[in-house]
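Hello,

Here is the structure we talked about passing on. Please have a look at it first, then read my notes below.

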Amino acid sequence: MKKRGVRIIACILAGVCMAGVPATSVSASTVKMSAGFSATDLYDDVEIIEEVAVAEAVAAEETVVQDEQDFTNLVIAQVNNYVNVRSMPSEEGEIVGKLYDDSVGELIEEVDGWYKITSGKCTGYVKGEYCVTGEDAQTLAKSVGTTFAIVNTTTLKVRKEPNTDSKVLGLVPLEEELLVVEELDGWVKISIEEGDGYVSRDYVTLRTDFVHAESKEEEEARLAAEAKEREAARKAAQAKLAAQQQKANNEANVQAAQNTMASTAGSEMGKAVIDYALQFVGNPYVWGGTSLTNGADCSGFVMSVYKNFGVNLPHSSSAQRKCGYDVGGIQNAQPGDIICYSGHVALYIGDGKIVHASTSKTGIIVSNNASYKKILAVRRIF
């Protein structure tokens, strides 16, 4: 009854205003005469409106708080390599997983110098002396985690300065994940191939990722899957390369690639990938493109090069960062490896050099310093 009364009052006030009478001059008696209820009814309904408004404001405030990640209950490993996760708070406990350095778990309880944690798919006990918790963990959380800005609009403009009048540095597609350099009031500083720029906080969703423990079963499955994928990729590439060599009689090109890469360690298949990619240097960069001759963007270039060897990769730098397997950094990179940056990917040549579809100004180029910006991962397909 009260909600219906509110709607009736709104209609009456609207009608009075349309008749030329200011709503502020309408008395309770006027409303009673028009609608058949008393001034007390009117005041009761106004109180309900106020209560609803207050409730909505409180709910909105709670939503904002809930959107922020909670770092108050973290356990962060601080070791040279990893700390074992055991089935009970004792070194006699069965090893059920590994919590690697800077990896994160959630604290369940503390037992005699051991922390019971849950991390990823692993639950068990880690020795307290190898981890930090409480305020120390909160302080450390942002540095061990990686914060990404996920684009939630069709095409996001990245600007040189944090204002809408600033020059556009580049464009980023929907759902692209960009490394956050700094969080500002209403803006986020992110990294793309063209350099560091700013995007409005309204058009991205922030997420801080942590590395979690790896259970014993996950480790075994990962090693087996990596070996299987590596073998499958190797066989597919060999078959595709053999067919191309026979059809195009390009044995000379393969021999040239082997000669060029002779001084660099790595697989012959990876070297063949680079030899193929280098012939497109000088061709244009086209945002969203996949043509090695008419124009490709960074991930389109890598995708199309590997497609030539029978390997299907996604057309996204973020997605390619999850392909193949991680080799542990640029120091272990070999020809053909995918060098992954924030919003960009390249192919490793050797001797610290990369070939990549860089920007619309430079096109597909060879760069002499693979570490010209922060490397997020180095992924190997073969």
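This is a predicted model: local features need pLDDT of at least 70, side-chain atom pairs count only at pLDDT 80 or more; totals for chains, interfaces and linings use all residues.

**A buried glutamate**

The side chains of glutamate 176 and serine 318 are joined by a polar contact of 3.0 Å. Glutamate 176 sits in the loop between strand S10 (168–173) and strand S11 (177–183). It is buried, yet it has no salt bridge. Arginine 321 is the nearest side chain of opposite charge, and it is 6.0 Å away. A salt bridge would need a side-chain nitrogen of Lys or Arg within 4 Å of a carboxyl oxygen.

Next, look at strand S1, residues 74–77. In a regular strand, side chains alternate between the two faces of the sheet. In S1 both faces are covered. Leu74 and Ile76 are buried on one side, Val75 and Ala77 on the other.

S1 pairs with strand S4 (residues 104–111) in the antiparallel sense, over three bridges. Here leucine 74 has glutamate 106 as its bridge partner in S4. S1 also runs antiparallel to strand S7 (residues 131–132), with two bridges between them.

**Rings**

How many aromatic pairs are there? The count comes to six. One of them is phenylalanine 71 with phenylalanine 210. The pair is edge-to-face, at 5.6 Å centre to centre and 85° between the planes. Phenylalanine 71 lies in the loop between helix H3 (39–67) and S1, and phenylalanine 210 in the loop between strand S14 (204–209) and strand S15 (214–215), so the pair ties together parts 139 residues apart in sequence. Both phenylalanine 71 and phenylalanine 210 are buried.

Tyr276, Phe280 and Phe309 form one aromatic cluster.

Two rings have a charge over the face. Lysine 98 lies over tyrosine 82, at 4.5 Å from the ring centre. Arginine 230 lies over tyrosine 325, at 4.8 Å from the ring centre.

**An open sheet**

Last, there is an open sheet of six strands with antiparallel pairing. The order is S18-S23-S19-S20-S21-S22. Strand S18 (325–326) and strand S22 (363–367) stand at the edges with a single partner strand each, so one side of each has no neighbour in the sheet. Within the sheet, strand S19 (residues 338–341) and strand S23 (residues 377–380) run antiparallel and share three bridges. Cysteine 340 has alanine 377 as its bridge partner in S23.

Best wishes

Technical notes
Residues are numbered from 1 along each chain as its sequence is written. Side-chain values use heavy atoms; hydrogens and water are left out. Buried means under 20% relative accessible area, exposed over 50%, partly exposed in between (1.4 Å probe, protein chains only). Helices (H or I, at least four residues) and strands (E, at least two) are DSSP runs, numbered from the N terminus. Two strands pair if DSSP finds at least two bridges between them. Rings of Phe, Tyr and Trp (its six-membered ring) pair if their centres lie within 6.5 Å; planes under 30 degrees apart count as stacked, over 60 as edge-to-face and the rest as tilted. A charge sits over a ring if NZ of Lys or CZ of Arg is within 6 Å of the ring centre and within 35 degrees of the ring normal. Lys and Arg count as positive and Asp and Glu as negative; His and the chain ends are not counted. A polar contact is a pair of N or O atoms within 3.5 Å; within protein, one must be able to donate a hydrogen and the other to accept it, and residues adjacent in sequence count only if both atoms are side-chain atoms.
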